[in-house]
Amino acid sequence: MTRGLEAMMRRISWAICLAGFLAFSLRAKEQVNISGYILAHYEQYLNEEGKYQVEETGGDYQLEGRGGYGAFQITRAYFTVKADLSDKLKVRLTTNAYTDEDGLSQVFLKYAYVEIRQVIPAHKIRFGLQNPPWGEYIVRNYWRYRLVDKAFFDYWKFFSTADFGLGILGELWEGKINYQLAVLNGEGYKKIEQDRFKEYVGRISLDLGEKDKFRIIPSLGYSSHRWNDSDKFKDEVLMAGLGMDFWRIHLAGEYLQGVYTLPAGEYPMVGGRFPEGAVSALEASSFPDRLLSEDKDIDYGGWAVYFNLSLPHQLNIFGRYDFYDPNLDSDYDNDAQEMWMAGICWHPHPSLWLTLDYRQRNFQELDLDGDGIDELEPEQIIYTHWKIAY
């Protein structure tokens with residue numbers, strides 16, 4: 001079966017599932033809410049090579065790409081159905097669609113869960129495909145510009161934004177204290193459960209003050225899972241966040257630090273967002289003694305700062321700075337990355353947001369193979385972003 005036919009069959013299957021869910025929800029004769037939004041953008045690379053990749057040619061690495069690269073793209077298209085089956089029982093289904101690099105439309109579930117309320121006062125119990133504790137809350141209260149890009153924890157791939165499992169959300173002191181705990185598969189929502197581990201993740205947050213005067217929102221979180229077949233293989237992440245609102249200013253930030261076990265023979269690096277081919281060049285140019293001689297816990301992490309200034313006429317000025325190091329404790333520390341962006345946002349209607357923004361990603365080591373020629377240049381991009389809600 002060709003990829004085009006497979007994609008068409010997936011779309012038909014999703015349409016049937018969604019139609020069935022809608023029919024079930026409407027028959028419940030309770031409140032049904034249908035909503036969603038589309039994220040799209042135009043990107044223009046300013047690099048001489050445009051959107052480049054690092055290629056090996058005859059033992060040498062160099063930048064390859066078409067100059068003046070520019071493209072329109074639909075980043076995401078969400079469709080959400082929420083149904084109140086009773087005062088205590090609610091369901092949610094959210095689909096996510098995007099177009100991959102081959103031009104094929106991909107549609108998949110983002111959320112699909114049942115929520116039970118009032119079993120415990122001021123608490124909700126969720127079962128199914130849901131957002132983790134360090135997820136929607138962080139995007140909504142700290143970053144607030146999902147139309148431009150993902151929040152720090154998601155952009156640098158600390159963990160997935162959705163997963164299968166059981167969760168509980170609670171509030172204390174009239175919402176001044178809120179928390180979320182979950183036991184999840186740990187595979188994310190795009191992978192099949194392999195029973196390798198379970199993820200135990202939680203967050204506790206304070207929400208103090210008044211939004212129109214002064215508001216402060218600190219958060220702490222922790223995530224841990226270990227492989228079933230070996231106690232020494234693990235992945236643990238400590239999360240901290242702080243948000244403040246005063247006058248027209250919103251200032252917030254995230255700090256995350258993780259420990260991930262890598263096996264012997266691997267390059268000591270956890271994740272990152274290098275251009276295609278750059279990681280292979282780093283590994284190939286490493287001396288043998290820089291590869292792991294035994295299994296090792298690799299410390300990785302970083303931080304981000306978010307800024308927003310509200311202006312008259314539905315205008316906002318926003319900015320962001322990220323720093324990420326994939327091996328904080330490595331002797332071969334030449335692969336840290338930073339990203340900063342700044343722009344202006346106009347939202348003339350709650351359903352329409354438009355931005356014009358600039359982004360730059362810098363890399364610690366520009367000369368990947370040590371030959372005196374920079375194979376990795378800073379990426380410079382001008383964007384226009386659109387968000388259309390319905």
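**Figure 1. The buried pair formed by aspartate 207 and arginine 215 in the predicted model**. In this predicted model, aspartate 207 and arginine 215 are both buried, and their side chains meet in a salt bridge with an N to O distance of 2.8 Å. The two residues also belong to a network of salt bridges, in which Asp207 and Arg215 are linked with Arg144 and Asp245. Side chains of opposite charge can pair in this way when their charged atoms come close.

**Figure 2. The salt bridge between aspartate 149 and arginine 359**. The closest N and O atoms of aspartate 149 and arginine 359 lie 2.6 Å apart. Aspartate 149 sits in the loop between helix H2 (136–143) and helix H3 (152–155), whereas arginine 359 belongs to strand S18 (residues 352–363), so the pair ties together parts that are 210 residues apart in sequence. Both partners, aspartate 149 and arginine 359, are buried.

**Figure 3. The salt bridge between aspartate 322 and arginine 320**. The side chains of these two residues, aspartate 322 and arginine 320, meet with an N to O distance of 2.8 Å. Aspartate 322 counts as buried because its relative accessibility is 0%, which falls under the 20% cut-off. Arginine 320, with a relative accessible area of 4%, is likewise buried, because this value too is under 20%.

**Figure 4. The nonpolar surface patch**. Leu46, Leu251, Tyr255, Trp303, Val305, Phe307, Ile317, Ile344, Leu356 and Ile382 together make a nonpolar surface patch of about 790 Å². Strand S14 (249–262) and strand S15 (296–311) each contribute at least two residues to the patch, and the largest share, three residues, comes from S15. Valine 305, one of the patch residues, lies in strand S15; with a relative accessible area of 35%, valine 305 is classed as partly exposed, because this value falls between the 20% and 50% cut-offs.

**Figure 5. The whole chain as the setting for the close-up views.** The chain contains four helices and 19 strands, and of its 390 residues 44% count as buried. Among contacts in the chain with a separation of 6 or more, 61% are accounted for by residues 24 or more positions apart. The chain exposes about 19,700 Å², of which carbon and sulfur atoms supply 58%. A search of the whole structure finds 11 salt bridges, including the one between aspartate 149 and arginine 359.

Technical notes: Residues numbered from 1 in each chain as written. Predicted model: local features only at pLDDT ≥ 70, side-chain atom pairs only at ≥ 80, totals over all residues. Heavy atoms only, no water. Patch = residues over 30% accessible without salt bridge, like charges linked within 9 Å, V, L, I, M, F, W, Y side chains within 5 Å. Areas by Shrake-Rupley, 256 points an atom, 1.4 Å probe, with all protein chains shown as cover. Salt bridge = Lys/Arg side-chain N within 4 Å of Asp/Glu carboxyl O. Buried < 20%, exposed > 50% of the residue type's maximum accessible area, 1.4 Å probe, protein only. Contact = heavy atoms within 4.5 Å.
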